[in-house]
Amino acid sequence: MAKIKKGDLVVVISGSRKDRGKQGRVLEVLTDRDRVLVEGIHRVTKHVKVGQSQRGSRTGGIETVEAPIHISNVMLVDPETKRGTRVGYRTEQVERDGRTRTVRVRVAKRSGKDI
């Protein structure tokens with residue numbers, strides 16, 4: 001189970017020199033390949049052929065798109081210190097509709113705050 005989810009703010013801790021230290025939001029988590037798609041990180045150029053799409057003609061040329069990077073190369077940003085942090089879990093007893101349920105809450109290990 002991945003500790004990083006869609007919409008999280010992450011920082012790149014290793015990988016290519018141009019992206020190391022940058023922050024961005026997670027657009028998609030690819031759990032089958034252990035990779036994440038981060039907004040503005042690891043942008044690659046893609047050559048697109050001119051063709052027909054469902055809504056008219058598609059323009060061709062060179063596009064830049066985000067490529068996935070390995071999940072071990074990113075670290076969650078702590079909401080309090082704004083630096084990378086490890087993720088832990090805490091269990092809580094929550095009462096809903098008259099029933100008590102056990103819920104796992106993600107916790108930033110650096111500051112101890114809920115994520």
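Trainee: What order do the six strands of the open sheet come in?
Mentor: In this predicted model, the order is β8-β3-β2-β1-β9-β10, with antiparallel pairing.

Trainee: And which are the edge strands?
Mentor: β8 (69-70) and β10 (84-85), each of which pairs on one side only.

Trainee: How many bridges join β1 to β2?
Mentor: Three, between residues 9-12 of β1 and residues 23-30 of β2. One to look at is V11, whose bridge partner in β2 is Q23.

Trainee: Switching topic: how many salt bridges does the structure hold?
Mentor: Six. One of them joins the side chains of R106 and D8, at 2.8 Å from N to O. R106 sits in strand β12 and D8 in the segment before β1, so this pair ties together parts 98 residues apart in sequence.

Trainee: Are R106 and D8 buried or exposed?
Mentor: Both are buried.

Trainee: OK, what about R43, which residue does its side chain meet in a salt bridge?
Mentor: E66, also at 2.8 Å from N to O. That pair links β4, where R43 lies, with β7, where E66 lies, 23 residues apart. R43 counts as partly exposed because its relative accessibility is 35%, and E66 is partly exposed too, at 23%.

Trainee: Which residues are linked in a network of salt bridges?
Mentor: R90, E92 and D114. The closest N and O atoms of R90 and D114 are 3.1 Å apart.

Trainee: How do the lining residues divide?
Mentor: Nine nonpolar, three polar and five charged.

Conventions:
Residues numbered from 1 in each chain as written. Predicted model: local features only at pLDDT ≥ 70, side-chain atom pairs only at ≥ 80, totals over all residues. Heavy atoms only, no water. Nonpolar A, V, L, I, M, F, W, Y, C, P; charged D, E, K, R; others polar. Pairing = 2+ DSSP bridges. Helix = DSSP H or I, 4+ residues; strand = E, 2+ residues; numbered from the N terminus. Salt bridge = Lys/Arg side-chain N within 4 Å of Asp/Glu carboxyl O. Buried < 20%, exposed > 50% of the residue type's maximum accessible area, 1.4 Å probe, protein only.
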